[in-house]
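Me: I would like to go through a structure with you and ask, for a few of the terms used to describe it, what grounds there are for using them.

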Amino acid sequence: MTQFTRFVRAVEQRATTLAGLRISAATLLLASIPALAAALVFYAVPNASLPLIWQICVLAVPLLTALLGNLLGRMAKHDAAHLLLQVDVRLGLGERLSSLYEVRVRGGRSVFRTHLEASVAELRLDTKRGLPVPRRVRWALNLGAAFLVGAAVFVALPPRAPAVASPVDAAPLSASQSLDTIGDAPFTAPDLDITPPATLDTGEAATVVRESPSEQFRLEDVFSELRGTEGTSQSIVGDATPDELSRLIDEQRETAEMIREFLESILERVRKEGGGLTDDEREQIRDQAGQAGDPQLVESLMDLLDESEDGEGIAETLESLLSTFDLENQAPDANESEGQSQAIPLRQSDPDWSPEMPTMEGSRPEDESSATQEQAEEADPENDEEADPLAREGLSPGHEEDPDMEGGDDAQDAESRGLDAESPEFSREDAPSAFGESGDFSSFITEGVPVELPTWDDPDRDALIVDFDRIQSILQTRGVSEDVIDAVRRYFELITEGGS
Amino acid sequence: MITEQDLERAVTTFERLREAIGGVIVGHDAIVRASLIALLCRGNVMLEGVPGLGKTLLVRTLAGAMGLRFSRIQFTPDLMPADIVGTDIITEEDGHRGFAFSAGPVFANVVLADEINRATPKTQSALLEAMEERTVTVGANTYPLEEPYIVLATQNPIEMEGTYPLPEAQIDRFLLKANVTFPSLDELVEITSRNTEGEGIELPSAVATADDILLARNVVRQLPIAEGLRAYIGRLVLATHPTSELAPPKIRDYVEYGASPRAAIALVTGAKAHAFLEGEPNVRHADIEAVFKMALAHRLVLNFRGEAEGIAPAELLDDVWSRVPVV
């Protein structure tokens, strides 16, 4: 076999490879597009999962198609003269190969054939440079491979969990419209029309809405607020059951009692001996602050540490702090019969408020919201009368408001403020499934919320049992403002059609 | 069958020819090469340039170096065909009167048709048969011309008053058309030096014979060319036709008629001759490029728009060359 024959063979093999590659690239691209589309569709549909055999098919069909295309391409015949001329031109060989091929095809010996063979024998042939993969073939191959990898990724990903709510009706609703809808429209599970509590313009939620009026709130926002991980993560666990929550509340109460006794002992010592806090006391106060779940209490304890060595000042601070404990102990007593718990926040609007008392407004970091609230309180009181009746009452039918309930006035004020303020836009969102044992909502709503599924045997009766008193107690323990508590209460009244 | 010795002899002959011509002619490499290519391809050359550039000297040098018979015809408006090809004249011998053919200047090996466009078309066309068929017909008699035979015509591109543009049929018979450019400063200095000092310019003695030329022609004809390059040449020629799918936009806009099949032949043979002169054993893409414009420029017939806008055929051919792929 001469050098030239080897060249021709190498060039033909390269051309065969390229022809196969060309067809396989095209087929891979064409076949991977529907594969990727199928994988995306199955990934996008909640809870839909492809059977294993179909997963294999999605990935294997494009590969098999490409393989088949490659085989078909390899069967194509090539014009050697044309290929050699291509190699000649691309490698700048002075058309030696194609000319020699021409001479050999015509047959016979000639002086030119001898010269050509001698010059070809000195050549070094690089078929990959001579016949490179065309750019569009490379693009098609890369795209096809990328689509296929994408399909594999989406097939491998676990099926998506159902969305809590998907934006169905993009038509924005004003706050008043939302409230009207809440108040008037009868609840039907498939067409659940929920305005999340965060969208009710009260308290902190109002601040959030004003900052980003276009933000769409979801049910998750409500529960994340309920969990209130900041500052209470030690005492409340997100997935705790109602029983566990009760236990945690009891533990917090015991902790508060221990702190109170400890502070009383310090007060007694200071009154007797005078002077500031000892190092040992400071250390213990730090420990107690670490165990206290109430951020207000923690802050008060840390303020105590910052006190000077003046005995009288420390005594006054301790007395003030202990008086807070006394008030907190009175409030649960008053509400004990209703199953409510401790940690009732104090506000300036309360009749029992005194400047010495550490208040929610003073201790909470969200002073901005408090300031906003105060500004709103100075607004025209007639707004209360102009507000929606349902919002003004802040209640659903059949609910009896306790006049002593903390934050009741605030809630009304805040609601009226929210209605008077520039109405943020809300998006109507539909829940994906019905309530009940078969719905997905039940598994979601029980996260950290004292909501139970009914135990009665009537399967057609879709409802939830909500212990709102316990919700309120938990929220108060966390220091959640009364406005938000009221919004949460109305939310659960809405979704349970007033029942509990 | 060409042997190694034949090839070597042909190559040596043309190396000697180039040396001999270079000893007289300063510069004008392209013109010299075009003349040699035409000689190797059994073709004719049109040299276009202003007077005084050494066209006549080049032709005379070429003829002298080859030891061939040279004749010069100065074309004028009153020149008659018989003045070129010859005529029958009455002779009297031994008391008998008869006609005898008196050959004109066309009967030579190297014919210089100086300022060919100054003669009338009738006279110009007297050269047609000599240029293509290498015969001359006078009356009822046809006389063959001696090979190697080559016509080198000149024309002045600027002094067009009183001239007769060559008919398309005659232009097509020129294998190549070369523009004689003005010499550079160094060449000009060398020209003045050679012409004004010593004994002046001496034409070279013969360094080749007619047989050598004919052998070289045979070698060139057998020089291999790839089939793909033939197809490429075909595409190039087709692309000069405004009605062709291969024609670039400029050709469609400015060309009335494209190059003839004779142009394709000229391209192939010219490329072969160029490869031979370059010492290559086969035709390369570069060889085609070297003769592309010389072989096709004078064969394009511009339309009214092309003429009105003064479009240069070379510009159109550049467009063709850049747009037609080799493979």
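Reply: In this predicted model, residues 24 or more positions apart account for 77% of the contacts in chain B with a separation of 6 or more. For chain A the corresponding share is 74%.

Me: What share of the residues of chain B counts as buried, and what makes a residue buried?

Reply: Of the 327 residues of chain B, 44% count as buried, a residue being buried if 20 or more other C-beta atoms lie within 10 Å of its own. Under that criterion, 36% of the 500 residues of chain A count as buried.

Me: Why are α10(B) and α12(B) called oblique to each other?

Reply: Helix α10 (residues 227–238) of chain B and helix α12 (residues 261–277) of chain B pack at an angle of about 140°, their axes being 10 Å apart. Roughly antiparallel would require an angle over 145 degrees, and roughly perpendicular one of 65 to 115, so α10(B) and α12(B) are oblique to each other. As for handedness, α10(B) passes α12(B) in a right-handed crossing.

Me: Which residues of α10(B) and α12(B) meet, and what is the make-up of their contact by class?

Reply: From α10(B), Arg230(B), Ile233(B), Gly234(B) and Val237(B) meet Ala263(B), Ala264(B), Leu267(B) and Val268(B) of α12(B).

Me: How many helices and strands does each chain have?

Reply: Chain B comes to 15 helices and 11 strands, whereas chain A comes to 22 helices and 4 strands.

Conventions. Residues numbered from 1 in each chain as written. Chains lettered and ligands numbered in written order. Predicted model: local features only at pLDDT ≥ 70, side-chain atom pairs only at ≥ 80, totals over all residues. Axes fitted to C-alpha atoms, helices over the stretch in contact; angles between N-to-C directions. Helix = DSSP H or I, 4+ residues; strand = E, 2+ residues; numbered from the N terminus. Parallel < 35°, antiparallel > 145°, perpendicular 65-115°, else oblique. Left-handed = near helix turned anticlockwise from the far one by under 90°. Contact = placed C-beta atoms within 7 Å. Buried ≥ 20, exposed ≤ 12 C-beta atoms within 10 Å, placed from the backbone.
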